[in-house]
Amino acid sequence: MLVWAGMSTAPVLTNLALQERLNSARRLTDSIFARLTPEALYSRPIPERHRLIFYLGHLEAFDWNLVCRKTLNVATFSPQFDTLFEFGIDPPVGQAASDQPSDWPEVQDIQTYNLRVRAIIDELLDQTPEQIIQVILEHRLMHAETLAYLLHNLPYDQKTPAVTPQVYSAKPLPNPMIEIAPGLATLGQKRGEFGWDNEFDEHRVHVPDFRVSKYKITNGQYLDFVRNGACPPNFWLQRPNKTQTDWFYRGMFSEVPLPLNAPVYVTHAEASAYARWAGKQLPTEAQFHRAAYGTPPHETSGHSERPYPWGSAEPGGSAKPGARQGNFNFHQWDPMDVDAHPTGDSAFGVSQLVGNGWEWTSTKFGPFPGFEPMSFYPGYSRNFFDEEHYVMKGGSPVTAACMLRRSFRNWFRPNYPYVYASFRLVED
Ligand SMILES: [Fe+2]
């Protein structure tokens, strides 16, 4: 059984706070859709995913199906939309769907459905168990991130740009290996706290000493690998110059000369190949935890870990970019330099373990001891315990603050090239 905070008799005040969070998440996803031109809405920027129009209906259909149909037994007003927009797709790379734009409903009809769903859900919020509200909230925020990946792959003339030009440095930046003392790492979430099924049960593992790169591997470091024959990542492109070929980063709203000190976004397969080339490895999930949340022996007697790499302060509190602990929570769309957030360093002095790009681990996505699927969403994690997905930790520029908790796990196929996924190296 999954245990959540609050259980079903949520106080009205808590629900008021949750209503505000839900409104805020809706404003976020509405603002992303508002960037699209009408024709973009029916396009499919990533072959392995649905057309964008699916997601316009999916967020509300998910909320309706979970809150109204499965939890409160409310009679449906649109069974066709409830079903059409119920599930996303995750086929192996290369196996794209074949539906046509004309197979999907008109935008106006979906928006009418959405407004009605929102009104009914808001009315029923006081009767809805808190854990169910948390699920629809985080589901929407996860989709805000996946919508960003989809938008990233649209032509620039099909989306309205955000004007936040990123400034990158070109100074040489060494990436030293930092010694991590042996110790315990706590994986997973405490029963009684909110989490998705794959975060349970909380457990501790002993991690022997190892060394880890202070920074995420940068575009500049990866460029050496490409110059030695590796394929460039999906986020790069080449423009021929008179005398040479220049590399560019394909940003969300424009191309910029390759920012050499920003993290390289790569697939798991590319990250693993780089690690082999460099004579090192990707960290395991437990090593990531140890480097991010552990403390050196001289700072503590016995076992001590932090909720976040920088300590216990909630992420994203400061409006000032320089004072933030990392690049996350939709403050901007593209990565920053890997040394941009010293205030977010872990106790061991490792930088940007949270934010600025998820981090690949060498750990295959699987259940923790004591795992039980959520009764109302049994396939959420279990469908991906197939040895075909790898765990990612940390968070990207477009990961919402609530999902930066220590126990949160993300996962993708090793050849899926569209996510903001970075990596760092370890050696024993
Ligand atoms: Fe979904």
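Me: Which are H139 and H143, buried or exposed?
Reply: In this predicted model, H139 is buried, and H143 is buried as well. The word buried means that the relative accessible area of each is under 20%.

Me: What makes H139 and H143 donors of the iron ion?
Reply: A donor is an N, O or S atom within 2.8 Å of the metal. The NE2 atoms of H58, H139 and H143 lie 2.2 Å from the iron ion. Water is not among the atoms, so the site may look incomplete.

Me: What spacing do the donors of the iron ion follow along the chain?
Reply: The pattern is H-x80-H-x3-H.

Me: How do you know what separates H139 and H143 in helix α5?
Reply: H139 and H143 are four residues apart in this helix, so about one helical turn separates them.

Me: What makes α5 agree with the span it should have?
Reply: The helix has 23 residues, and at 1.5 Å a residue these should span 33 Å. The end C-alpha atoms of α5 are 33 Å apart, so the two values agree.

Me: Why is α5 called largely enclosed by the rest of the structure?
Reply: Of the 23 residues of α5, 22 are buried, and the helix is therefore described as largely enclosed.

Me: What does helix α5 give to the largest nonpolar core?
Reply: The core has 92 residues, and α5 (residues 130-152) supplies 13 of them, the largest share. Y222, W236, W360 and F423 have the most contacts inside this core.

Me: How do you know which residues Y222 is in contact with?
Reply: Contact means heavy atoms within 4.5 Å. Neighbours within four places in sequence are left aside, and Y222 then has contacts with C231, P233, W236, V264, V266, E270, Y274 and F423.

Me: What residues does the second, separate core include?
Reply: L187, Y293, Y308 and F328 are among its 23 residues. A core is joined through side-chain atoms within 4.5 Å.

Me: How do you know where α2 bends?
Reply: The bend at a residue is the angle between axes fitted to the seven residues ending there and the seven starting there. For α2 this angle is about 35° at H58.

Me: What is expected for the reach of α2, from its first C-alpha to its last?
Reply: With 20 residues at 1.5 Å a residue, 28 Å is expected, and α2 reaches 28 Å.

Me: Why is α2 called largely enclosed?
Reply: 17 of its 20 residues are buried, so the rest of the structure largely encloses α2.

Me: Why is N73 called exposed?
Reply: Exposed means over 50% relative accessible area, and N73 has 66%, so the word applies.

Me: Why does Q352 count as buried?
Reply: Q352 has 2% relative accessibility, which is under 20%, so it counts as buried. Phi of Q352 is near 55° too, again positive in a residue other than glycine. Q352 belongs to the loop between α8 (285-293) and β8 (358-364).

Me: Why does T186 count as buried?
Reply: The value for T186 is 3%, under the 20% limit, so it is buried. T186 lies in strand β2.

Me: What makes the link between the side chains of T186 and R204 a polar contact?
Reply: The limit for a pair of N or O atoms is 3.5 Å. The pair between T186 and R204 is at 3.4 Å, within that limit, so it qualifies. The side chain of T186 also makes a polar contact of 2.4 Å with the side chain of E305.

Me: What kind of peptide bond joins F200 and D201?
Reply: The bond is cis, with omega about 0°. D201 is in the loop between β2 (183-187) and β3 (203-207).

Me: Why does E388 count as partly exposed?
Reply: Its relative accessibility is 42%, which falls between 20% and 50%, so partly exposed is the term. E388 is in the loop between α9 (379-382) and β9 (390-393). Residues up to four places away aside, E388 touches F412, R413 and P414.

Key
Residues numbered from 1 in each chain as written. Predicted model: local features only at pLDDT ≥ 70, side-chain atom pairs only at ≥ 80, totals over all residues. Heavy atoms only, no water. Buried < 20%, exposed > 50% of the residue type's maximum accessible area, 1.4 Å probe, protein only. Helix = DSSP H or I, 4+ residues; strand = E, 2+ residues; numbered from the N terminus. Donors = N, O, S within 2.8 Å, 3.2 Å for Na, K, Ca; no water. Polar contact = N/O pair within 3.5 Å; in protein donor to acceptor, adjacent residues only side chain to side chain. Expected span 1.5 Å × (residues − 1).
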